Amino acid sequence: MIPVRRAERARRRQRLGGVAVHAAAYAAALLGAGPFLWSMITAVKLNRDLYDPAHSPLWFNAPPTADHLAYLWRHTAFPTFAWNTLWIGAAVVVATLLLATPAGYALARLRRPWAGRLGMAIFLCYLVPPSVLFLPLSRLVAAVGLQDSDWALVLVYPTLTVPVSVWLMMGFFSAIPLQVEEQALVDGCTRFAAFRRVALPLAVPGVVAVVVLSFVLCASEYLYAIAFVSPTAGKVVSTGIPTELIRGDLFYWQSLQGAVVLVAVPVAVVFNLLLKRFVAGFTAGAVTVG
């Protein structure tokens, strides 16, 4: 009887532990989603509902309205900001992949004692604050004649994305067994063919991680975007929304939060679709390279 009771108590503790873990997870998810839920509710609130301090910010005391979203879409340059963010992010992602993928592969396969230290030095470039790089980059932008041009951001954003992407791809290629590529070389492939046909397909999760990380870094960057591009037609979401919808002491709160929702939802959907590959890429990229 005693072993049976002990087993029952162990199962009871296990069930209680599972309930506690799930409760903590749901509480953390709700806490994390709280600001986004507030943004969704605020975006469709009437002014008299939003500005009444007696009304709950997380509930509707008056019927919701889509007027503020319509104002955002029709009477501001939000579609232009969104398009600029999309194409600039895509261009930077392509440039980052073209630079970081072969660099990471070369550092991972270099049989030299300094290869790991060189990879670490490249990653340390990512830790340099943008405020330190601002002055030399502004001279570079002026020298090539890209002041107030969207292409200025395409030029400077790789300084943020390439170092961390090289380090990530370096760790991922290091996790791929070298024997796989050696077999391809024995079968007659050149080094480039082995990279293209063998290593690169196996590195797809790392490539996905680089794509997501690079685009998020570009979309959330503010300092370079506000400093190098001032025309409204060239602004991105991170600078266009606060500068166009905050006018002195007048805040278009509903439209501001509507912009947050319209930008965050597509990114969250794409991120969720690529989540498994993204986690796999970062996990493999965490491998220490000697």
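**A walk around one predicted chain**

Let's start with Asp-148, which counts as partly exposed because its relative accessibility is 40%. On that scale, buried means under 20% relative accessible area, exposed means over 50%, and partly exposed is in between, with a 1.4 Å probe and protein chains only.

Before I go on, the ground rules. This is a predicted model: local features need pLDDT of at least 70, side-chain atom pairs count only at pLDDT 80 or more, and totals for chains, interfaces and linings use all residues. Residues are numbered from 1 along each chain as its sequence is written, and side-chain values use heavy atoms, leaving out hydrogens and water.

Back to Asp-148. It sits in the loop between α6 (130-143) and α7 (150-156). Helices here are DSSP runs (H or I, at least four residues), as strands are (E, at least two), numbered from the N terminus. Most residues other than glycine have a negative phi.

Next, the transmembrane regions. An unreviewed UniProt entry places them at residues 20-41, 86-108, 120-142, 154-178, 199-230 and 250-275. Those positions use the numbering used here, feature names are shortened, and annotations may be inferred rather than shown by experiment. How does the model treat two of them? Residues 86-108 are 100% helix and 0% strand, with the end C-alpha atoms 31 Å apart. Residues 199-230 are 84% helix and 0% strand, and there the end C-alpha atoms are 43 Å apart.

Now charge. Which residues form a positive surface patch? Arg-9, Arg-11, Arg-12, Arg-13 and Arg-15. Patch residues have over 30% relative accessible area and no salt bridge; like charges are joined within 9 Å, and nonpolar side chains (Val, Leu, Ile, Met, Phe, Trp, Tyr) within 5 Å. Lys and Arg count as positive, Asp and Glu as negative, with His and the chain ends not counted. The charge of Arg is placed at CZ, that of Lys at NZ, of Asp at CG and of Glu at CD. Take Arg-13. It belongs to helix α1 (residues 2-43), and it counts as exposed because its relative accessibility is 54%.

How many salt bridges does the whole structure hold? The search finds 1. Glu-244 pairs with Lys-235, and their closest N and O atoms are 4.0 Å apart. The rule is a side-chain nitrogen of Lys or Arg within 4 Å of a carboxyl oxygen of Asp or Glu. Is Lys-235 buried or exposed? Buried, because its relative accessible area is 10%.

Ser-238 lies in helix α13 (residues 237-245). Ser-238 is also buried, at 16% relative accessibility. Val-128 is 110 residues away from Ser-238 along the chain, and their C-alpha atoms are 21 Å apart.

Now the nonpolar side. Trp-38, Tyr-51, Leu-58, Phe-251 and Trp-253 make a nonpolar surface patch of about 480 Å². Areas come from the Shrake-Rupley method with a 1.4 Å probe; for residues, only the protein chains shown count as cover. Tyr-51 is in the loop between α2 (47-50) and α3 (67-75). Its relative accessible area is 47%, so Tyr-51 is partly exposed.

Asn-61 is in the loop between α2 and α3 too. It is partly exposed, at 40%. Asn-61 and Leu-50 are 11 residues apart in sequence and 8.9 Å apart in space, C-alpha to C-alpha.

Last stop, Arg-48, in helix α2. At 59% relative accessibility, Arg-48 is exposed. From Arg-48 to Ala-62 is 14 residues in sequence and 8.2 Å in space, C-alpha to C-alpha.
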